[in-house]
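Subject: Handover of a structure and notes on it

Dear colleague,

Please find the structure below, followed by an account of what was found in it.

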Amino acid sequence: MHEPRTDGGAGGPDDAARLERAGEIFFAVRGLGLAARDEAIEAACGGDAKLRALVMLLIRGADAPMPIEGLADDIRAAADGDARGDGDGDRIGNYRLLSRIGEGGFGVVYEAEQERPVRRRVALKIIKLGMDTRQVVARFEAERQALALMDHPNIAKVFDAGATPTGRPYFVMELVKGSPATAYCDEHRLGIRERLDIVATVCEALQHAHQKGVIHRDIKPSNVLVATIDGKVVAKIIDFGIAKATSARLTEKTIFTEFRQLIGTPEYMSPEQAGQSAEDVDTRTDVYAIGVLLYELLTGSTPFDSERLRSAAYGELLRIIREEEPLRPSTRIGTLGGTVGQVAALRQAIADRYMDLAMFAEALPLQESALATRRKVLGDDHIDTLSSINNMGVLLQWWGKLSEAEPYLRECLERKRRVLGDDHRETIAAIANMGSQMIYLGKPMEAEPYYKEALERSRRLQDEPNDPMINMLGSMATLLNEQGKYVEAEKLNREALELNRRAYGNDHKATLVSIGNIGTVLKAQGRLAEAEPFMREAVEGRRRVLGGEHPDTMVAISELEILLQAQGKLDEAEPLAREVLEKQLKLFGYESLDTLISVNSLGGLLLAKQKNREALETLAPAEGAARAVLGNSARKHRFLLNLGTAQGRTGDFAAGEATLIEAQSAAAKLRGESHRDTRHCNQALIDLYAAWDAAQPGKGYDARAAEWRTTLEAAVRAAEASKK
Amino acid sequence: MAELLPLVYTELRALAGSYLNRHRDGDGRSHTLQPTALVHEAYVKMVEPGKRYGREHFMAVAATAMRQVLVDHARKKGTEKRGGDRDRVSISGLAGAAEATQEMRVLELHELLAELARMHARAARVAEMRLFGGMTPEQMAEVIGVSRMTVDRDWELARAWLAGKMTETGDA
C-alpha cells in the first residue's frame with residue numbers, strides 16, 4: 001500500500017548538509033519576484049542539480065496545502081469538549097472559514113469562527129499576494145497596543161493578524177454586517193439630516209481613534225459600513241490599522257507608481273498626501289477624507305471627477321488634488337432636494353460641533369484675518385477684537401498647538417481684566433482657559449490658582465448653573481484628586497453634582513459622572529462604606545441611561561466591584577466581575593486593556609475566595625494577550641502573580657514556580673526589591689514551595705521556601721527603613 | 001504520583017479519550033490503546049528524576065503518543081476494508097490525488113517525518129509537536145530550549161519540505 005522511500009538514500013550527512021543549505025537559499029529568495037527568484041537560485045546553486053531540485057521542492061511545498069494540518073486543532077477542539085462537526089472547510093490558525101462575504105482588489109473577506117480563547121464570529125480578511133507578509137505583520141504588531149486602546153461602539157475592532165500557511169497576510173476583525181455608507185444612504189433614500197448624522201457618528205469615532213494616536217488613512221464609503229439595528233441607523237468604521245500595516249491602500253481604486261506605492265485612494269486623498277511622503281500622513285488625512293465623504297453623501301459624487309482622476313497622469317493627478325478648488329456642494333446638489341441655504345446651515349452646524357476635527361484648516365485663516373481686521377479697524381481693546389483674540393487662542397489650544405495658543409490666551413485675559421473687570425463673565429472664562437492651558441501643558445500646580453480664582457469669582461456672580469462653571473468644577477476636582485487633596489476634591493464634586501442635578505436632572509450623563517467622582521474621592525480617603533452608595537448609584541444610573549453594554553457603564557461596574565472587593569464583600573463583587581468580563585470578552589476579546597484588567601480582578605477575587613480552579617480557568621486563557629498587550633507595566637507582573645498563584649494552588653507547581661519567578665523579577669525590576677508588589681510575589685513563592693514540599697516531602701522545596709523567606713524579610717526591613 | 005500535575009493529567013486524558021473515540025472500529029470497539037494506558041505511558045516517559053516537568057513537556061510527550069496511535073490505527077485500517085464515513089479521521093484541507101486516503105497520508109507523513117529527522121532532527125520534532133500535539137511556537141520553544149524565531153524557521157522549513165514531498169507523490 002505504501003512504499004518505503006528509497007530515493008537517493010536520504011538521511012546521510014550529505015543530505016543533512018544539503019537540506020541546511022537549501023533551507024538558507026529558500027529563506028533568502030522567498031520574498032523575491034519570480035524572475036529575480038529564479039536568478040538568485042541559479043546563482044546560489046551553481047551546477048548542483050540536487051541542491052536546486054531540493055530548493056524548488058521547498059518552494060513548491062511552501063505554497064502547497066499540508067494535508068494533515070488542522071488535525072491537531074481538531075483533536076484539541078474535541079478535547080475541549082467541543083462536539084462540533086468534523087473540521088470540514090478551510091481553517092486558518094484558530095479560525096474556521098465559514099463563507100466568503102466580500103472580494104476586491106485587496107483580496108478576500110470571509111466570515112469565520114474563532115474557537116479559542118473565546119468562541120465568536122469574526123471577519124477574516126486575506127490580503128492578496130504581492131506584499132511582504134513579515135513586514136505587514138510586523139507593522140501590525142507595532143500598532144497593536146494603540147489599536148487595543150480603542151474602545152468605541154462605532155469602530156470595528158481589529159483582533160489579530162498573521163500569515164496563512166501559504167504566507168499571505170491576514171487580519172481578523174469584528175464582524176460587521178452592513179452596506180457601504182453611500183449605498184446604504186441611496187438604498188434607504190435617507191435625507192440630509194440622516195446623512196449628516198452618519199457623518200457625525202464617523203467624526204466622533206475618528207476623534208476617539210485620533211485621541212488614542214491611531215490614524216485610519218483609508219476613510220471612504222466602503223470602509224464605513226451602515227446597517228439598521230433595532231430600527232436605528234448604526235455606522236461602523238472598519239479596517240483600522242490595516243491601511244497602515246499594508247502601507248498602501250488596498251482597494252480597487254489603488255494606483256501605483258514606478259517609484260513607490262501611492263498612499264491614497266485618489267478621490268479621498270488629501271493635499272498633504274498628494275504632496276508628501278507616507279511619514280507626513282497625520283490626522284488631517286482622515287479629516288480631509290471625512291470631508292470628501294460628507295461631500296459625496298450630500299451631492300452624490302466626489303469633489304473631483306473619478307474619470308478625470310483615473311485618466312490623469314500621476315503628476316497631473318497630484319496637481320489637481322493639491323491646487324484645484326472643487327465645485328461647491330451647493331452648486332452640485334442634485335437628488336437630495338435640500339435648498340442651498342439648508343445645506344449651508346447644516347454645514348455650519350456640523351462645523352461648530354466638530355470644529356476641532358473637521359474645520360481647523362478652514363477656520364484658522366479666517367480667524368487670523370478677522371483678528372487682523374478688527375485690531376486695525378476697532379482697536380485692540382474693543383469687545384469684538386477681544387472675542388477674536390480669544391477664538392484664536394481656543395482654536396489653537398483645541399488643535400493641540402499649545403505654545404502658539406498661549407500668547408493669545410494671556411493677551412486675552414490681560415485685556416479683559418483691564419477692560420471688563422475681574423468679575424465679568426468673559427474674564428472668568430478667560431481665567432478658566434488659562435487654567436486648562438496649564439493642565440494641557442502638564443503643569444497642574446500652575447493651573448490651580450487660575451481655577452480657584454475663576455471658581456470663586458463665578459460663585460460670587462451667583463449665576464444659574466452653566467456649562468463652563470460645571471466643567472470648571474469638574475476639572476478642578478480632578479486636579480485636586482490627582483494631587484491627593486481628597487477632602488477639597490470631594491467638596492467640589494458635591495457642588496458639581498448639585499449644579500448638574502439642577503441644570504440637567506438626575507439621569508444626565510454629566511450628573512452620573514459627578515456621582516461616580518464622589519464615590520472615587522470617598523474611596524481614595526478610605527471611606528469605603530460611604531463611597532458604596534454613590535458607586536452603586538453611578539452603576540444603576542448608567543445602566544438606565546446608557547445601557548448595560550456601554551463602556552462607561554462597564555467602567556462604573558468595575559469600580560464598584562473593586563470597591564466591594566476592598567471591603568471584603570467578595571460574594572457581592574463576584575457576579576459584577578463576571579458580568580463585566582463576559583461583556584468585554586464578547587465586545588473586545590482578550591486583546592484589550594480593559595478586558596485584561598477585568599480578568600485579573602476576577603482572578604484575584606476567586607483566589608481570595610479559594611476558588612483556585614476557577615481562578616486558573618479565568619486567568620490562563622488570557623496569558624497570551626496579557627503578554628502581548630500589557631508590556632512591562634505593573635499590570636503585567638500583577639497578572640503573572642495571580643496566574644502563578646492559581647497554577648501552584650491547583651497543583652501545577654512547576655508552572656506556578658516559573659510564572660511567579662518571572663513575576664517577582666519583573667516587579668523587582670520595575671518597582672524595586674522592597675516594593676509591596678515584589679513582596680507579594682515573594683510571599684506567593686514561599687506559599688508555593690511550602691505546598692510543594694507538603695505534596696512531595698524531601699525534595700528540598702522547604703529549603704527554597706526558606707530562601708525566599710529570607711529575601712522577603714530583607715525586603716520588609718528595607719521597606720521599613722525607607723519609611724523612616 | 002497521583003498528586004503530580006493533576007491539571008495536565010486531566011487534559012491529557014481528555015485528549016486521549018476523545019482521540020481514541022474518533023478512532024473506534026465500526027462495531028464501537030476501541031482498539032490499540034485505552035485512554036488510561038496512553039496516559040500511563042506518557043507518565044512513565046515523563047517521570048525522570050531531576051527534571052522539571054512543565055505543561056509543555058507533557059504536551060510534547062502527548063504529541064509523540066498521538067502520532068503513534070494514529071499510525072497504528074492507519075496501519076490497521078490499511079489492512080481492513082474501510083468502514084463508514086463516521087470512522088474517518090477528520091482532516092481538513094485534504095488535497096492531492098483523489099485516491100489517497102487519509103490513512104495513507106498519515107503513514108506517508110509518519111515516514112517522511114522519520115526521514116526528515118535523520119537530516120534535521122529538531123525541525124522534525126517541531127513538525128511532530130505542531131501537527132500531532134497542537135502546540136504553539138512558544139510552547140515548543142520552551143520544550144526544545146531554543147528561541148521562538150528558531151522554532152518558526154524550523155517549522156517553515158519542515159512544512160515546506162513535507163508538503164513538497166507529499167505533493168511530489170500525489171502528482172506522481
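How many helices and how many strands are there in chain B? Chain B contains seven helices and zero strands, where helices (H or I, at least four residues) and strands (E, at least two) are DSSP runs, numbered from the N terminus.

Please note that this is a predicted model, in which local features need pLDDT of at least 70 and side-chain atom pairs count only at pLDDT 80 or more, while totals for chains, interfaces and linings use all residues. Residues are numbered from 1 along each chain as its sequence is written, chains are lettered from A and ligands numbered from 1 in the order in which they are written, and side-chain values use heavy atoms, with hydrogens and water left out.

The two chains

Along its sequence, chain B reads α-α-α-α-α-α-α. Of its 172 residues, 50% are buried; buried means under 20% relative accessible area, exposed over 50%, and partly exposed in between (1.4 Å probe, protein chains only). Among contacts (heavy atoms within 4.5 Å) in chain B with a separation of 6 or more, 64% are between residues 24 or more positions apart.

Chain A has 32 helices and nine strands. Buried residues account for 49% of its 724 residues. Of the contacts in chain A between residues at least 6 apart in sequence, 58% join residues at least 24 apart.

A pair of helices in chain A

Helix α29 (residues 634-649) and helix α30 (residues 653-671), both of chain A, have axes that come within 8 Å and cross at roughly 155°. That makes α29(A) roughly antiparallel to α30(A). Axes here are lines fitted to C-alpha atoms, for helices over the stretch in contact, with angles from 0 to 180 degrees between N-to-C directions; angles under 35 degrees count as roughly parallel, over 145 as roughly antiparallel, 65 to 115 as roughly perpendicular and the rest as oblique.

The residues that meet include A:Leu640, A:Leu641 and A:Gly644 in α29(A), and A:Phe653, A:Leu660 and A:Ala663 in α30(A).

Aromatic pairs

Over all chains, the whole structure holds five aromatic pairs. Rings of Phe, Tyr and Trp (its six-membered ring) pair if their centres lie within 6.5 Å; planes under 30 degrees apart count as stacked, over 60 as edge-to-face and the rest as tilted. The ring centres of A:Phe26 and A:Phe27 are 5.2 Å apart and their planes stand at 50°, so this pair is tilted. Both A:Phe26 and A:Phe27 are buried.

A:Trp692 and A:Tyr701 form a stacked pair, with 4.0 Å from centre to centre and 10° between the planes. Both of these residues, A:Trp692 and A:Tyr701, are buried. Together with A:Phe653 and A:Tyr689, A:Trp692 and A:Tyr701 form one aromatic cluster. A:Phe653 is also one of the residues of α30(A) that meet α29(A).

Two buried residues in helices

A:Lys416 lies in helix α17 (residues 402-420) of chain A. A:Lys416 is buried, with a relative accessible area of 2%. Not counting residues up to four places away in sequence, A:Lys416 touches A:Leu386, A:Asn390, A:Gly421, A:Glu426, A:Thr427 and A:Ala430.

A:Ser601 belongs to helix α26 (residues 593-608) of chain A. A:Ser601 is buried too, at a relative accessible area of 14%. Leaving aside neighbours within four places in sequence, A:Ser601 is in contact with A:Glu561, A:Ile562 and A:Gln565.
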